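Subject: Structure for you to look at

Hello,

Here is the structure I said I would pass on.

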Amino acid sequence: MQQTQTAQISAITTDVNVVVQAVLAMALGLFIVGVVGFSHISAVHNAAHDTRHANAFPCH
Amino acid sequence: MSVFRSIVFSAALAGVITGAAITGAQMVGTIPLIQKSEVYERKAEAPAAVAPTAAAQPAHTHDHGAAAHSHEAEWEPAEGLQRNAFTTGANILTAIGFALLLAGVFALRGRTVSWREGLFWGLGGFVIFTAAPGLGLPPELPGMPVADLALRQTWWIGTACATAAGLGLLVFRKASWAAILGLGLIVLPHLIGAPQAPAGHTDVPEALSHSFVVAATLTSLLFWALLGVLTSVAFQRISRA
């Protein structure tokens with residue numbers, strides 16, 4: 001009984017752990033896309049210009 | 001290996017391959033059209049650049065709303081190799097960014113995601129990030145009249161979020177209320193409407209901008225299909241290691 005409980009608790013904590021790591025990675029992904037596709041800094045904009053147009057990210 | 005590292009490694013691997021492959025597709029698809037369009041853009045800018053010298057010096061701002069957009073005095077990559085290198089880099093970074101989202105989702109699934117399932121997740125990405133925002137804001141060539149940049153970005157991001165939530169409800173919730181709410185979320189941004197460009201003249205021929213919409217949409221479809229498959233395969237292998 002206690003063993004199954006411990007197993008359940010550890011399964012839940014692992015799940016939470018996985019969720020936190022996955023969400024962190026996804027936030028990093030959104031940050032990268034945001035910088036490349038949505039930055040208002042003109043040097044970043046010009047560097048990624050053709051990519052922005054090809055991906056139909058809003059451009060000037 | 002920790003989940004985070006598995007996600008990052010598989011996203012980097014899938015992103016580098018997809019970004020490089022899509023640059024090849026853009027070289028034959030979208031980039032020649034962008035370059036053709038820039039000829040018209042420069043022609044339209046040329047008289048505007050001469051005129052304002054007598055008037056009060058215009059503030060050195062990056063006026064996104066104006067049809068005549070000035071590139072001068074801002075750094076931009078040199079034509080040719082440098083420009084293409086930056087485009088390749090930006091494509092790879094974009095691919096890695098989106099692959100992080102995909103691999104994050106695969107990790108959350110908590111079971112093996114096959115390459116075919118990965119393909120469908122990729123197609124979901126195409127609908128969310130290309131098809132839905134593209135309905136209101138179709139891919140544009142340089143030199144076209146456009147609405148305020150920040151407004152378009154806000155609408156674009158809102159549309160992507162609403163479409164993602166709507167698709168999620170449609171696919172993962174079996175109840176009828178979820179289907180209705182999901183469809184509603186997908187339609188809502190288009191009822192609100194994308195920011196419209198002010199009526200303005202453009203020298204860019206209609207046929208050229210039409211070809212660009214087709215080329216950009218197809219390249220993006222290829223991008224997402226490839227990214228979905230490669231990210232699922234890479235994540236499968238790496239997370240098992």
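Predicted model: local features only at pLDDT ≥ 70, side-chain atom pairs only at ≥ 80, totals over all residues.

Chain B

Chain B contains seven helices and zero strands, so the order of elements from the N terminus is simply α-α-α-α-α-α-α. Of its 241 residues, 38% are buried. Taking contacts in chain B between residues at least 6 apart in sequence, 86% join residues at least 24 apart.

The unreviewed UniProt entry lists "transmembrane region" for residues 85-106, 118-135, 155-172, 179-199 and 211-235 of chain B. Two of these spans were checked against the model. Residues 85-106 of chain B are 100% helix and 0% strand, with 31 Å between the end C-alpha atoms. Residues 179-199 of chain B are 67% helix and 0% strand, and there the end C-alpha atoms are 38 Å apart.

Ten residues of domain 1 of chain B and 13 residues of domain 2 of chain B take part in the contact. On the domain 1 side of that contact in chain B there are eight nonpolar residues, two polar residues and no charged ones.

For chain A, the unreviewed UniProt entry lists "transmembrane region" at residues 18-38. In the model, residues 18-38 of chain A are 100% helix and 0% strand, and the end C-alpha atoms lie 29 Å apart.

In the contact between the chains, 48 residues of chain B meet 30 residues of chain A. On the chain B side, at least two residues each come from α1 (3-28), α2 (30-50), α3 (81-109), α4 (115-136), α5 (149-172) and α7 (206-240). The largest share, 15 residues, is supplied by α3(B). By class, the chain B side has 28 nonpolar, 16 polar and four charged residues.

One backbone detail in chain A may be worth a look. A:A56 sits in the segment after α3 (49-54) of chain A. Its phi is near 60 degrees, a positive value in a residue other than glycine. Is A:A56 buried or exposed? A:A56 is buried, because 24 other C-beta atoms lie within 10 Å and the cut-off for buried is 20 or more.

Nonpolar cores

The largest nonpolar core has 43 residues, and those touching the most other members are B:I7, B:A99, B:L100, B:L102, B:A103 and B:L227. Both chains contribute: α1 (2-38) of chain A and α1, α3, α4 and α7 of chain B each supply at least two residues of this core. Which helix gives the most to this core? That is α3(B), with 14 residues.

Leaving aside residues up to four places away in sequence, B:A103 touches A:A25, B:I7, B:S10, B:A11, B:T231 and B:F235. There is also a second, separate core of 18 residues, which includes B:L141, B:M144, B:V146 and B:W155.

Regards

Methods: Residues numbered from 1 in each chain as written. Chains lettered and ligands numbered in written order. Helix = DSSP H or I, 4+ residues; strand = E, 2+ residues; numbered from the N terminus. Buried ≥ 20, exposed ≤ 12 C-beta atoms within 10 Å, placed from the backbone. Contact = placed C-beta atoms within 7 Å. UniProt positions renumbered as here; feature names shortened; annotations may be inferred. Nonpolar A, V, L, I, M, F, W, Y, C, P; charged D, E, K, R; others polar. Core = buried A, V, L, I, M, F, W, Y, C linked by C-beta atoms within 7 Å.
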